[in-house]
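Please read them with the model open.

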Amino acid sequence: MILGNATLATMTAGYGLVPNGAVAIAGGRIAWAGPEADLPAGLGGERVDLGGRLVTPGLIDCHTHVVYAGNRAREFEMRLEGASYEEVARAGGGILSTVRATRAADADALLAAALPRVDRMLDSGTTTLEVKSGYGLDVETELAMLRAARRIGQERPVSVVTTFLGAHAVPPEFAGRADAYIDEVVIPALRAARDEGLVDAVDGFCEGIAFSPAQIARVFAAAKDLGLPVKLHAEQLSNLGGAALAARHGALSADHLEWLDAEGIAAMAAAGTVAVLLPGAFYTLRETKLPPVGALRAAGVPMAVATDCNPGSSPMESLPLAMNMACTLFRLTPEEALAGATVHAARALGLADRGRIAPGLRADLAVWEAAHPAELAYPIGGAPLHSRCFGRTPC
């Protein structure tokens, strides 16, 4: 197949713009990309005229909690009435309210609840989706969440990367016994998930309302023993040194990062750890402490952007909207935002076969009703998607 008469944003160097471009696809891979006038002889197949539309790599949502049950609209009201995120959590709300609803659902119900959210993500140009557990906080429900996440990739044309987040919160039955929870639930559940082929990476929540750096280090040690990469929710509400800890463990990413300091930035830069920015949570929680984007930029730390789709702090499914928020709230450029949802998001998931338009990579592409890639981050909530290509699924 040849996609012709297009403007390509290859993301190989900045936008990597190619006007009057074409992409040749064979066997679900990109065989060639460049100016259509230079299309090599012998590359044949059906030709699709895109009418000058913009083609980018398919968007990659590298941080989501899209599998869950219930909703937390009442907590939204509580926060608007003056309760802080920490106060809601300590009162038994927050993550734990979603835990109660998720424990009451089986894998079939969790999948059924997730699929409409996933459909809206796909309608916004997403072709790769990371999905975390972390709302079960017992062995069986954590596994049920991961089973539902794996099935998303069977039910819908999207790649799913699963992340085990057993160290998300301490459940009520282990109140005051976080170390016992790690020993009796987190590590056994992680081992069971690995044995069942359900987990691609391991995450944790390093905060005063969750787990200490020492406790996270124990989870990371277990992940290393199982041959699994790690990432971390770090420096969202305070600075416990989580990003530096993650970097010392060679983490793929550290996420949120509003309270990140110079030591954490230096550690991430040295380790090649991606900074994942989550403006949806910043917006929903009405935070005022901005992540240090300028310092991350100066240090050469790659910055990804994701929806953080979850029922409490970021009930958002549109990655282009997250890109808009990253530009408006965090002052990323539109080019940085698109790189954050493509090439850097791929790196945050440890995926080298996508995120750019280049020969040999997956033919995961998004076609937009746009002439220039700045138009993707510009509208508030309106993604001008024309169509998606997903591997062997044509545009």
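1. Second pocket, size and centre. Bear in mind that this model is predicted. The second largest pocket has a volume of about 250 Å³. Its lining counts 13 residues. Nearest the centre are P302, M303, E336, A339 and H344.

2. α13 gives the most, with three residues. Sorted by class, the lining of the second largest pocket holds seven nonpolar, three polar and three charged residues.

3. Largest pocket, size and centre. The volume of the largest pocket is about 310 Å³. It is lined by 18 residues, and A89, R90, L96, V170 and I209 are the closest to its centre.

4. Two elements supply two or more lining residues here, α2 (85-90) and α3 (95-103). α2 provides the largest share, three residues.

5. Cavity. How many cavities of 30 Å³ or more does a search of the whole structure find? The search returns one. The volume of the largest cavity is about 120 Å³. Its lining has 14 residues, with H65, Y85, H168, N310 and S313 closest to the centre. Which classes make up the lining of the largest cavity? Eight residues are polar, four are nonpolar and two are charged.

6. Main core. In soluble globular proteins, nonpolar side chains tend to be buried together. Here the largest nonpolar core has 106 residues. V66, V67, I152 and F211 touch the most other members. Helix α6 (residues 178-195) contributes the largest share of this core, 10 residues.

7. F211. This residue is one of those touching the most other members of the largest nonpolar core. Leaving out residues up to four places away in sequence, F211 touches A167, H168, A169, V170, A178, Y181, I182, F205, C206 and I216. V170 is among the residues closest to the centre of the largest pocket. H168 is among those closest to the centre of the largest cavity.

8. Separate core. Another core lies apart from the largest one. It has 15 residues, among them L8, V48, I357 and C389.

Note on methods:
Residues are numbered from 1 along each chain as its sequence is written. This is a predicted model: local features need pLDDT of at least 70, side-chain atom pairs count only at pLDDT 80 or more; totals for chains, interfaces and linings use all residues. Side-chain values use heavy atoms; hydrogens and water are left out. On a 1 Å grid over the protein atoms alone, a cavity is a set of points where a 1.4 Å probe fits but cannot get out, and a pocket is an open set with protein on both sides within 12 Å along at least five of seven lines; lining residues have an atom within 4 Å of a point. Grid points are joined across faces, edges and corners, and a volume is the space filled by probe spheres set on the points. Helices (H or I, at least four residues) and strands (E, at least two) are DSSP runs, numbered from the N terminus. Ala, Val, Leu, Ile, Met, Phe, Trp, Tyr, Cys and Pro count as nonpolar, Asp, Glu, Lys and Arg as charged, and the others, Gly among them, as polar. A nonpolar core is a set of buried Ala, Val, Leu, Ile, Met, Phe, Trp, Tyr and Cys residues joined through side-chain atoms within 4.5 Å. Buried means under 20% relative accessible area, exposed over 50%, partly exposed in between (1.4 Å probe, protein chains only). Contact means heavy atoms within 4.5 Å.
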